[in-house]
Amino acid sequence: MGGPAGDTFGLDVLRSPGDEERTRLFYDAPAGQLGVDRTRSGNNSSVDANPGIQKGPLTLSDGELSLDVFLDRSMIEAYANAHKSITTHAYPFRQDSLGLRLFGDGSVVKSMTIWKMGNLTD
């Protein structure tokens, strides 16, 4: 995934149909930072009382970002360009917060593969 310089682009996970809840994985091109925005993740847990935005530096080669994202109930792991990672939790209130959405004006998705994980006990 890549976007024009000056844009922020990424992926919303655990998203409700009306976008009331979501956890946003993003790349802020002007700042050169990879981040996660949990301000709309919902917080149906007393474990993490202050979800917010966390981010850190990531330099892209040729303006391209490769994300490997793993979701397992409340756990979210994202690996960027096999170099940086972000791990966080989200505890949506809504049962329908299961959606996925790409965002970023002018961004281009070169490929995307989604696998559904089975249960450990299956």
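Good morning. I begin inside the protein, where Arg24 is buried and Asp12 is buried as well. Please bear in mind throughout that this is a predicted model.

What do these two residues do with their side chains? Arg24 and Asp12 meet in a salt bridge, with a distance of 2.7 Å from N to O. Arg24 belongs to strand β2, residues 23–28, and Asp12 to strand β1, so that the pair, 12 residues apart, links distant parts of the chain.

I turn next to Asp19, which takes part in two contacts that I wish to describe. In one of them, Asp19 forms a salt bridge with Arg15, and the closest N and O atoms are 3.1 Å apart. Are these two partners buried or exposed? Asp19 has a relative accessible area of 12%, which is under 20%, and therefore counts as buried. Arg15 is likewise buried, because its relative accessible area of 16% is also under 20%.

In the other contact, Asp19 forms a salt bridge with Arg101, where the closest N and O atoms are 3.6 Å apart. Since Asp19 lies in the loop between β1 and β2 while Arg101 lies in strand β8, the pair ties together parts that are 82 residues apart in sequence. Arg101 itself is partly exposed, at a relative accessible area of 30%.

These contacts belong to a wider arrangement. Asp12, Arg15, Asp19, Arg22, Arg24, Arg40 and Arg101 are linked in a network of salt bridges. For the whole structure, the search finds 9 salt bridges.

Let me move to the largest pocket. Its volume is about 1,400 Å³. Which residues are closest to its centre? Of the 36 residues that line the largest pocket, they are Val69, Phe70, Leu71, Ile114 and Trp115. By class, the lining divides into 20 nonpolar, 9 polar and 7 charged residues.

Which strands supply the lining of this pocket? At least two residues each come from β1 (8–15), β5 (67–72) and β8. The largest share is that of β5, with 6 residues.

Together with Leu100, Leu102, Val109 and Met112, Ile114 makes a nonpolar surface patch of about 430 Å².

Asp62 is not a glycine, yet it has a positive phi of about 60°. Asp62 is found in the loop between β4 (53–57) and β5. With a relative accessible area of 75%, which is over 50%, Asp62 is exposed.

The other position is Asn81, again not a glycine, with a positive phi of about 50°. Where does Asn81 sit? Its place is in the loop between β6 (75–80) and β7 (84–89). Asn81 is partly exposed, its relative accessible area being 25%.

To close, I return to the salt-bridge network, in which Asp12 and Arg24 are linked with Arg15, Asp19, Arg22, Arg40 and Arg101. Thank you for your attention.

Definitions and conventions
Residues numbered from 1 in each chain as written. Predicted model: local features only at pLDDT ≥ 70, side-chain atom pairs only at ≥ 80, totals over all residues. Heavy atoms only, no water. Patch = residues over 30% accessible without salt bridge, like charges linked within 9 Å, V, L, I, M, F, W, Y side chains within 5 Å. Areas by Shrake-Rupley, 256 points an atom, 1.4 Å probe, with all protein chains shown as cover. Salt bridge = Lys/Arg side-chain N within 4 Å of Asp/Glu carboxyl O. 1 Å grid on protein atoms, 1.4 Å probe; cavity = no way out; pocket = protein on both sides within 12 Å on 5 of 7 lines; lining within 4 Å. Points joined across faces, edges and corners; volume = space filled by probe spheres on them. Helix = DSSP H or I, 4+ residues; strand = E, 2+ residues; numbered from the N terminus. Nonpolar A, V, L, I, M, F, W, Y, C, P; charged D, E, K, R; others polar. Buried < 20%, exposed > 50% of the residue type's maximum accessible area, 1.4 Å probe, protein only.
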